[in-house]
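Hello,

Here is the structure I promised to pass on. Please have a look, and my notes follow below.

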Amino acid sequence: MATSSVHKYRPVVVSGPSGTGKSTLLKRLFAEFPDTFGFSISHTTRSPRAGEEDGREYYFTTKEDFLKLVSENGFIEHAQFGGNFYGTSVQAVRNIASKQRICILDIEMEGVKQVKRTDLNARFLFLAPPSLEELERRLRGRGTETEDSLNKRLAQARNELEYSRQPGAHDKIVVNDDLEKAYTELRDWIVDGGKFGASE
Ligand SMILES: Nc1ncnc2c1ncn2[C@@H]1O[C@H](COP(=O)(O)OP(=O)(O)OP(=O)(O)O)[C@@H](O)[C@H]1O
């Protein structure tokens, strides 16, 4: 464990209900620290498009290998879209740390629980909306949801908020009320005076 790169480059899991502002805040963090962080590369069973390279856009894999990795609990999250499988593997997160970058994982509650079952040595930040009413306003304001997908997201938000109240679920909770205030709090906790959560 002491020799593993995730000991020093601890992955950061940022979760929170859809529409809380994760993308907005993480975009800012990446812009302020362009060489510090990384997103893991996903696996997919779809074929590479022209110009795509294995290990750059995706790890391209066969359905058989993908399902084998699923059965070995190798994925943090995986899903099927349009007949193809996609997933974030534990190894892909490790690969970011071995490149001496802090991997940021923007995932949902089930993914959070899965990361906790690994030895990725992650830190967990939960981004909470000021209220469910405000979350609904933002999701409507973003203009990306149908009434049906909005209701699904709000129901899932209730689950996520309930989980976030369990002791030990997260290491840090940031309420995204005022954007500037939330950004400063998120950034300062992640950067941690330059230690990024590492103990030495
Ligand atoms: N502090 C804030 N005050 C008001 N509006 C905000 C604030 N933070 C984000 N927003 C707005 O809320 C909407 C949702 O934000 P964003 O898309 O970043 O959420 P998200 O958590 O990444 O959602 P998803 O998980 O669905 O991708 C956006 O329109 C964004 O501009």
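At roughly what angle do the axes of helix α2 and helix α8 cross? Before the answer, some ground rules: this is a predicted model, where local features need pLDDT of at least 70, side-chain atom pairs count only at pLDDT 80 or more, and totals for chains, interfaces and linings use all residues. Residues are numbered from 1 along each chain as its sequence is written, and side-chain values use heavy atoms, with hydrogens and water left out.

The axes of α2 (residues 22-32) and α8 (residues 179-191) cross at roughly 55° and come within 10 Å. Helices here are DSSP runs of H or I with at least four residues, strands are runs of E with at least two, and both are numbered from the N terminus. Axes are lines fitted to C-alpha atoms, for helices over the stretch in contact, with angles from 0 to 180 degrees between N-to-C directions. Contact means heavy atoms within 4.5 Å.

On the α2 side, the contact is made by T24, L25, R28, L29 and E32; α8 brings L179, E180, A182, Y183, L186, R187 and I190.

Now the sheet: four strands form an open sheet in the order β4-β3-β6-β5, with mixed pairing. Its edge strands, β4 (58-60) and β5 (75-81), each pair on one side only, where pairing requires at least two DSSP bridges between two strands. β5 runs antiparallel to β6 (residues 84-89), and six bridges join them. Within β6, F85 is the bridge partner of Q80. Helix α4 (residues 90-98) lies across β4, β5 and β6, at about 45° to β6.

Best wishes
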